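Dear colleague,

Please find below the structure that I am handing over to you, followed by an account of what was found in it. I would be grateful if you could read the two side by side.

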Amino acid sequence: MRELKTKENIKLPYYLNETTVQPQNEIFSATQLMTFIKDKQSYFNRYHLGFFEEDYEKLITSEVEQDLAIIKGKVIHKYLELYPNTDLESLLFEFEVLNPDFTNELKSDLNIFENRIKNSKFLSAILNAQEYKNEVVVTMKLAENFLTGTIDRIYKNERGLWEV
């Protein structure tokens, strides 16, 4: 006679067993907290299961335009991070931008950015500062956990003070 499986006699794999241990000293980014506040299921999928919404979209639609927009955003971000010492050809090689039409589009966009920088006292001060740091990681203790984030650029202004 076969024994009926009930909840009480099923042995679960160790990773599915309940735990009473509460995580401590976790590190949370501002993006994680905003995702959690906005959509708890998205937070779980992204930060516990490792799935990003765009992963599903790419699997389903495989949209080239979306991929190009992501690449464009990354190239422009990196360009501004390295500015004024940016080597555009190296950057295009780094991001494997090989399509001549897309390369020309990116160069045009970056030319527009450079003109905006040159014509803006505010942007020129930030991007042409003698002393600056990019991608500065900051962390703050928050109860038993930590909040972390990355500042794109800080620079020393003409009065010798650091600005974000």
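Threonine 103 is part of helix α6, which spans residues 100-118. Please note that this is a predicted model. The relative accessible area of threonine 103 is 11%, and the residue is therefore classed as buried, the limit being under 20%. Leaving aside residues up to four places away in sequence, threonine 103 touches Leu92, Val97 and Leu98.

**The protein as a whole**

The secondary structure amounts to seven helices and four strands. Along the sequence, these follow the pattern β-α-α-α-α-α-α-α-β-β-β. The protein has 164 residues, of which 19% are buried. It exposes about 13300 Å², and carbon and sulfur atoms supply 56% of that area. Of the contacts between residues at least 6 apart in sequence, 43% join residues at least 24 apart.

**Helices α1 and α2**

The axes of α1 (residues 30-38) and α2 come within 5 Å of each other and cross at roughly 140°. The two helices are therefore oblique to each other, since angles over 145 degrees would be needed for roughly antiparallel. On the α1 side, the contact involves Thr31, Gln32, Thr35, Phe36 and Lys38; these meet Lys40, Ser42, Tyr43, Arg46 and Tyr47 in α2. The residues of this contact comprise three nonpolar, four polar and three charged.

Just after α2, glycine 50 has a positive phi of about 85°.

**Backbone features in the loops**

The loop between α4 (64-82) and α5 (88-94) contains proline 84. The peptide bond that leads from tyrosine 83 to proline 84 is cis, with omega near 5°.

Positive phi values also occur in residues other than glycine, including glutamate 96, with phi near 55°. Glutamate 96 lies in the loop between α5 and α6, and its relative accessibility of 65% means that it counts as exposed. Alanine 143 likewise has a positive phi, near 60°. This residue is placed in the loop between β2 (132-142) and β3 (145-156). With a relative accessible area of 66%, alanine 143 is exposed.

Yours sincerely

Conventions
Residues numbered from 1 in each chain as written. Predicted model: local features only at pLDDT ≥ 70, side-chain atom pairs only at ≥ 80, totals over all residues. Heavy atoms only, no water. Buried < 20%, exposed > 50% of the residue type's maximum accessible area, 1.4 Å probe, protein only. Contact = heavy atoms within 4.5 Å. Axes fitted to C-alpha atoms, helices over the stretch in contact; angles between N-to-C directions. Parallel < 35°, antiparallel > 145°, perpendicular 65-115°, else oblique. Nonpolar A, V, L, I, M, F, W, Y, C, P; charged D, E, K, R; others polar. Areas by Shrake-Rupley, 256 points an atom, 1.4 Å probe, with all protein chains shown as cover.
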